[in-house]
Amino acid sequence: MSGFVILTDSSADLPPELVAQMQIQVLPLGFVLADHTYYNYPDNREMDPHTFYNRLRQGDTATTNAVNIAQYTEALEPLLQAGQDVLVLAFSSGLSTTYNSSLIAVEELGEKYPERKLYTVDTLCASLGQGLLVWYAAQQRDNGACIEEVRDWVEAHKQNLCHHFTVDDLHFLKRGGRISAATAMVGSMLQIKPVLHVDSTGHLVNIGKARGRHAALKALVDRMAETAIDPASQTVFISHGDCLEDAQTVAAMVKERFGVKNVVINYVGPVIGAHSGPGTLALFYMGRER
């Protein structure tokens with residue numbers, strides 16, 4: 001294995017067993033419920049996702065906190081002091097200030113430890129889309145690529161990381177300013193489900209709609225059919241807002257339709273789930289373009 005550390009943040013929504021397998025480090029992002037701050041570790045030590053989503057269903061409102069400069073410095077400096085080089089793969093700058101914090105911390109620590117290699121990349125990804133990009137980066141590292149080669153691979157391929165998702169409750173998109181109150185009301189009455197993606201600038205964009213939940217799930221798979229590169233050879237990631245059965249349904253669809261053999265399923269963590277709500281379902285894969 002190449003001698004450098006890959007560090008990401010918990011917006012990547014990676015399951016703990018995969019974090020351990022890839023030998024990466026994950027910085028927890030914070031979220032606030034009922035005036036109490038929790039940190040979203042991969043092992044969910046402070047609050048499990050099912051409890052979090054039940055709190056949202058009961059009417060609690062969650063807010064979120066980015067990783068700040070001090071947290072990055074605290075995580076990175078011991079690694080640099082131990083003689084490690086570090087590649088940071090950060091949550092999309094289109095959705096969080098986390099990357100900007102990493103940029104400042106990396107610049108300051110780079111001056112303090114000029115003998116070390118320290119880089120940060122704005123993944124322009126979120127949830128298991130970010131997680132999938134990290135997974136590919138770890139594969140590159142384990143195949144012997146040096147830190148600059150992995151950094152450059154991520155920069156060259158991050159626009160191929162496709163994110164397609166739908167939500168079940170339009171209230172959360174309305175609260176976040178993604179849709180108007182009128183659109184949310186009419187959409188809820190007519191069971192209109194939006195189809196969204198993370199665009200090339202790392203922002204959430206509404207790209208379609210479907211009538212009913214099953215049609216929305218099928219629309220995600222249809223998007224994959226339009227853009228995926230050799231889907232049968234890919235490992236596909238799926239994240240869900242406490243709706244495992246729907247995630248399993250989409251997994252079965254991509255296996256049957258494209259011959260996909262490997263699918264990783266995990267929760268949408270609290271940092272994104274606070275804004276997308278229970279019932280969010282997201283599909284991630286490599287495509288020709290986002």
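Is Arg-141 buried or exposed? Arg-141 counts as buried, because its relative accessibility is 1% (buried means under 20% relative accessible area, exposed over 50%, partly exposed in between, with a 1.4 Å probe and protein chains only). Keep in mind that this is a predicted model: local features need pLDDT of at least 70, side-chain atom pairs count only at pLDDT 80 or more, and totals for chains, interfaces and linings use all residues. Residues are numbered from 1 along each chain as its sequence is written, and side-chain values use heavy atoms, with hydrogens and water left out.

Arg-141 forms a salt bridge with Asp-142, and their closest N and O atoms are 2.7 Å apart (a salt bridge is a side-chain nitrogen of Lys or Arg within 4 Å of a carboxyl oxygen of Asp or Glu). Asp-142 is partly exposed, at 37% relative accessible area. The structure holds 13 salt bridges.

Another one joins Asp-85 and Arg-116, at 2.8 Å from N to O. Asp-85 sits in strand β6 and Arg-116 in the loop between α4 (98-112) and β7, so the pair ties together parts that are 31 residues apart in sequence (helices, H or I of at least four residues, and strands, E of at least two, are DSSP runs numbered from the N terminus). Asp-85 is buried at 12% relative accessibility, while Arg-116 is partly exposed at 24%.

Now for the sheet. Strands β2-β1-β6-β7 form an open, parallel sheet in that order (two strands pair if DSSP finds at least two bridges between them). The edge strands are β2 (25-27) and β7 (118-122). Between β6 and β7 there are 5 bridges, and Val-86 stands opposite Leu-118 in β7.
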